[in-house]
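Reader: I would like to go through this structure with you. Could we begin with the terms?

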Amino acid sequence: MTSRMNVVTGATGLLGSHIAEQLRARGERVRALVRPTSDTTFLRQLGIELAVGDLTEPDSLARAIAGADMVYHCAARVGDWGPWRVFQREVIDATANLLDACHTVGVGRVLHVSSIIVYGHPHIRQEQFTEDEPLGQNLWLWDYYCRAKVRAEELCRGYPGDLTIVRPSWIYGPRDRTTLPRFLKALAAGRVGILGSGDNLLNIVYAGDVAAGAIQAANDPRAKGQAYNLSSEGQITQRAFLDLLTDVMGQPRIRWHFPYWLAFAGGFMSELVGRVVRMRRPPHMTRYAVALIGRSTNFSIAKAREQLGWRPRVDVREGLQRSLDWYSMT
């Protein structure tokens, strides 16, 4: 084991847990910032040092990152539902607090996990979206997640130390407790149909691949001050993905289609009702969920491939099988 210390925020989540796992496999020391109520069973099994604290409580951060050579900032409010104050506190304020602590302590380098959602909703075109694409395009009403992630990146750009940004796309894999379980419940309830023709390409990417890319970016001197898209390049269509998922689950394939525009409008109406009645959980259908599965996306990973030597390695069939195996055991 090396003396190098890596601190991971969000290590009990999907991507953070894969980063922590891979760092330990490399023989590196890992400390995880965890809340008092977090389930740390997996982290303790890996032999990871635990530091109890909260990104919204600045006084708890100095101890957690003391002596850190690298900080992986994976923790953030994820998803498309909730009041703005929650995104402000758990994305923007949390990032500001961590960056302040890293600067004060003198951390060697910070790897900030952003998202391709920071591009907003650019108009679809044949050319791939590179890291030079303007952020926050065509924002929707209540587009809180996108706005918060854009603001968090702005804070990162102002950080005086060494910092790198990665922008993953739709991440899936073992220990996904949000997107895939939500999707599987909708599938089991018969609420999933093919949106539009089903020929749109998805930028779905396995969590372990993104973790490997994040670690490569964190350790490459050329990546200082840079941002990288970490996604697939449209590996699978919506129709093929749904066919593969139902095949792996042993369920009949989905045959019925639903107009994309109508689903999108239904998502907006569901959100409107949910806002009025102050629902705590997201509605069954939201615009973000509809766009995630039904809208064409085309993000370039040329920069990560050329500068970091990174590309996705786990194909969707294998990744889905691993995910479902984990899900069945929880």
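Author: Two strands pair if DSSP finds at least two bridges between them. Strands (E, at least two residues) and helices (H or I, at least four) are DSSP runs, numbered from the N terminus. This is a predicted model, in which local features need pLDDT of at least 70, side-chain atom pairs count only at pLDDT 80 or more, and totals for chains, interfaces and linings use all residues. Residues are numbered from 1 along each chain as its sequence is written, and side-chain values use heavy atoms, with hydrogens and water left out.

Reader: Which residue in E5 is the bridge partner of methionine 70?

Author: The partner is arginine 109. Strand E5 (residues 109-113) pairs with E4 in the parallel sense, over 4 bridges.

Reader: And which residue in E4 is the bridge partner of asparagine 6?

Author: Methionine 70 again. Strand E1 (residues 5-9) and E4 are also parallel, with 4 bridges.

Reader: Which way do the side chains of strand E4 (residues 70-73) point?

Author: Met70 and Tyr72 point one way, Val71 and His73 the other, and all are buried, that is, under 20% relative accessible area with a 1.4 Å probe, protein chains only. In a regular strand the side chains alternate between the two faces of the sheet.

Reader: A change of topic: which residues line the second largest cavity?

Author: Among them are His73, Glu90, His112 and Lys149. A cavity is a set of points, on a 1 Å grid over the protein atoms alone, where a 1.4 Å probe fits but cannot get out; lining residues have an atom within 4 Å of a point.

Reader: Which helix gives the most to that lining?

Author: H4, with 4 residues.

Key:
Buried means under 20% relative accessible area, exposed over 50%, partly exposed in between (1.4 Å probe, protein chains only). On a 1 Å grid over the protein atoms alone, a cavity is a set of points where a 1.4 Å probe fits but cannot get out, and a pocket is an open set with protein on both sides within 12 Å along at least five of seven lines; lining residues have an atom within 4 Å of a point.
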